[in-house]
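Biologist: I would like to learn how to read a two-chain model. Please take it feature by feature, with the general idea before the case.

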Amino acid sequence: MGLQPLETYKVGNYRLPIPCDLCRENNLYEAITCSNCGAPMDISRIEGGKKDNRRTRPQLIVPVGASNTGKSVYLGMALDILSRQGDRSDITTYGAASVTVQQQVIGALGRGHFPEPTDRNPFLWSWAHCKLSRHTAPDHLQVFLPDMSGWNVLRDADDESCPSIRGILQKATGIMLFIDTGRVQDGDKDEEFLALKILRYIESLVEQRADSRPARRRRTAPPDPQVPPVAVIMAKADECSECFDAPTDYVRGQMPNLWQALQDVAPLHACFAVSVAGAVAEVPLCKGGSTKLPLRVEPRGVLEPFRWLLGQAIG
Amino acid sequence: MFRKLTKLELLIGLGSTILLVVATIQHNMLTCGSSAACLCLIVGRLLERNRSAAATPDVGDFASDESESTPLPRKLEPRQRLAYEAATQSAPELIRNVLQNGRETLLLRSEIIGNLNEAQVNEIVDVVCEDMSLVPAGKVALSINDLAGSEKSKMEEVATLLVDRYAVNNAEYAEFVAAGGYADQELWDADVFDAMAAFVDQSEQPGPRYWRDGTFPRGKADHPVVGICWYEARAYARWVGKRLPTGAEWVKTAGWPVAASGDAVRQRTYPWGNSYEPGRANISQEGIGHTATVDDFADGDNVRGVRQLAGNVWEWTDDELTFAGSAVDSSVQLGLKSLRGGAFNTYLEGQASCDFESGDHVLSRRDNVGFRCAVSMTDLSEAVHEQLVAALGA
């Protein structure tokens, strides 16, 4: 009778907690999401090389912006475009959570509505997961994109009441900074200041993270902490042809404060114009107020900022 | 009224006279004969023109026996102007001029057709049959845009009409521009006069948005004209003696409803059938990324050969875009006009279906919005109804 190997060593694995890569809280080995911040544990597993046994640092590209700047719609649209391209693209969507984001956005647009605002509960946020195949490397680059509530981001910037946000932003390897082009065109200066606030907040988080690292003996001074590459996304640009023609000039001309901050804080940045709806109607409601409706879906410029950020990550 | 010679004819006549005199002096019989023949031709044209003018029935205020030359009345609609021209030009000349501009349906109006003989009418009917398709009268089901999200529809009745087989292309629109269409206020709605300064091209000349120096981009003559707002589409339609189709007419053309049980109808989801099929329409999925020629995608025709009702460019209709309110069943009017059909960058296939309705602001001039024209059968002389129905099917 042959001896069966006694794989008791595996029992040990189940007793070791896995720290969340974003908030450092310990979680069970089999946890799917972090019990503290709601982030997918896949990030931690890939970071630690425990899932695929591949030492590939996962990329965390974080869409940020004020409420109702089009982050969710952008994310769902980008995922849908990528999933339609399938193997023809070097970027592929992965996991059920990505499909959830796609479904919520494309389903709503198909019914002639925008999706509901993102929930303020971090545990209800969707996390998109993509893989980028690289010809120069045998393994994929794993990319995660959280669909966060803009309200939470700004609130955390004010009173640091949402630890999930801080963990995500400190670990970000790329930032998508969303701005509502329509409001900028209408002369709403708040859009610029909200974007500026978020940018400065990210800068402070990066500095905090750098300060919290243990000092090491070095012959040379450690490099200054840097804000990760920032893609400034002028969303909802369907009514602004000037923005599509020259997005960088548009940002510089219309939002000088933000422009200056980008030069100071984010040496790696680029500006993009994006639209998903070909036209939007603001419809007054019989019960008061109004609602905005997408009249048709005509995505434009959606993948460009994503590809740029991935290009910065690959180097 | 004595009809004068054109400048070219005067020049030829004068030259021929001088040549005749010189040739006579020099005893050059060949040159004498040629010059004399030329002179006879010019005189003959003059006599014929005046004979036709004398034989033309009175068309109301446009011709007068009391003066030698009657100036063209200023305030004329296109068909009134054409009636005037019918009274003052020879029929062949009139037909030639009008057919060149794609305005053939004007000739079949009751005010004009009396000036034409049977052969000429047949010629014009042939051209109309080539350019337009007949849509029979009947019911059509239209979806209602309901803010509450419920799927409601309504039935509308459509009278017999003719619809352009192809969207209006750049070359056709260029005729309108060259003929001074943008300067002719009679073609435009009065409420748009103040906004017309914005109806210019990239070089600030009157014309579609993406043209330059009064002409379309090179190689795009047979692409649908785009960068035109709803008012520009209407002005062109007036100029050619047609109009924009209503939403119901457009859907009837595309969906081709047939009677089902009771009052219900069954109509197609797409002009070719009930499922989207790649290769039949220029939408985003095709990967082209810009307009195709108006005669491309023949596999996407409706049952009667009307092309590109799905894809390529959205098409202006004459309808307002409305939304049924949620709390109270009332329509909310927004100053938007209805668009149908989808375009080259339409991402969701369902938005290129026959029944889907989009819209845009009346002054919007986008690179994926064009139009096609229609004309009611009742706007054409009854004398040609039977002929058109026989040729185009009912």
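Modeller: We go through the conventions, the interface, the folds of the chains and some single residues.

Biologist: What conventions apply here?

Modeller: This is a predicted model, in which local features need pLDDT of at least 70 and side-chain atom pairs count only at pLDDT 80 or more, while totals for chains, interfaces and linings use all residues. Residues are numbered from 1 along each chain as its sequence is written, chains are lettered from A and ligands numbered from 1 in the order in which they are written, and side-chain values use heavy atoms, with hydrogens and water left out.

Biologist: How many residues of chain A are in contact with chain B?

Modeller: Contact means heavy atoms within 4.5 Å. Here 25 residues of chain A are in contact with 26 residues of chain B. Buried area is the accessible area (1.4 Å probe) that two parts lose on being put together, summed over both. For chain A and chain B that comes to about 1900 Å², with 57% of it on carbon and sulfur atoms.

Biologist: How many salt bridges and polar contacts are there between chain A and chain B?

Modeller: A salt bridge is a side-chain nitrogen of Lys or Arg within 4 Å of a carboxyl oxygen of Asp or Glu. A polar contact is a pair of N or O atoms within 3.5 Å; within protein, one must be able to donate a hydrogen and the other to accept it, and residues adjacent in sequence count only if both atoms are side-chain atoms. The count between chain A and chain B is three salt bridges, and 16 residue pairs are in polar contact across the interface (both at pLDDT 80 or more). One salt bridge joins B:Arg366 and A:Glu239 (2.6 Å, N to O).

Biologist: Which elements give two or more residues to the side of chain A that touches chain B?

Modeller: Helices (H or I, at least four residues) and strands (E, at least two) are DSSP runs, numbered from the N terminus. The elements in question are α3 (71-85), α4 (96-110), β10 (275-284) and β11 (290-300) of chain A. For residue classes, Ala, Val, Leu, Ile, Met, Phe, Trp, Tyr, Cys and Pro count as nonpolar, Asp, Glu, Lys and Arg as charged, and the others, Gly among them, as polar. The residues on that side of chain A divide into 14 nonpolar, four polar and seven charged.

Biologist: What does chain A look like as a whole?

Modeller: Its secondary structure comes to 12 helices and 11 strands. Buried means under 20% relative accessible area, exposed over 50%, partly exposed in between (1.4 Å probe, protein chains only). Of the 315 residues of chain A, 50% count as buried.

Biologist: Is A:Pro294 buried or exposed?

Modeller: A:Pro294 counts as buried because its relative accessibility is 6%. This residue is in strand β11 of chain A. The C-alpha atoms of A:Pro294 and A:His113 are separated by 6.0 Å, although the two are 181 residues apart along the chain.

Biologist: How should I read the two faces of a strand?

Modeller: In a regular strand the side chains alternate between the two faces of the sheet. In strand β1 (residues 132-135) of chain B, B:Met132 and B:Leu134 on one side and B:Ser133 and B:Val135 on the other are all buried. Two strands pair if DSSP finds at least two bridges between them. Four bridges join β1(B) to strand β4 (residues 161-164) of chain B, and the two run antiparallel. B:Val135 stands opposite B:Leu161 in β4(B).

Biologist: Which residue does the salt bridge of B:Asp164 reach?

Modeller: The side chain of B:Asp164 meets that of B:Lys242 (2.9 Å, N to O). B:Lys242 is in the loop between α9 (230-239) and α10 of chain B, B:Asp164 is in strand β4 of chain B, and they are 78 residues apart. Both B:Lys242 and B:Asp164 are buried.

Biologist: How many residues of helix α10 of chain B are buried?

Modeller: In helix α10 (residues 247-255) of chain B, nine of its nine residues are buried, including B:Trp250 and B:Lys252. B:Trp256 follows α10(B) and has a positive phi, near 45°.

Biologist: Where does B:Gln308 lie, and what does its side chain reach?

Modeller: B:Gln308 lies in the loop between β6 (265-266) and β7 (314-324) of chain B. Its side chain reaches the backbone oxygen of B:Asp296 at 2.9 Å. B:Gln308 counts as buried, because its relative accessibility is 5%.
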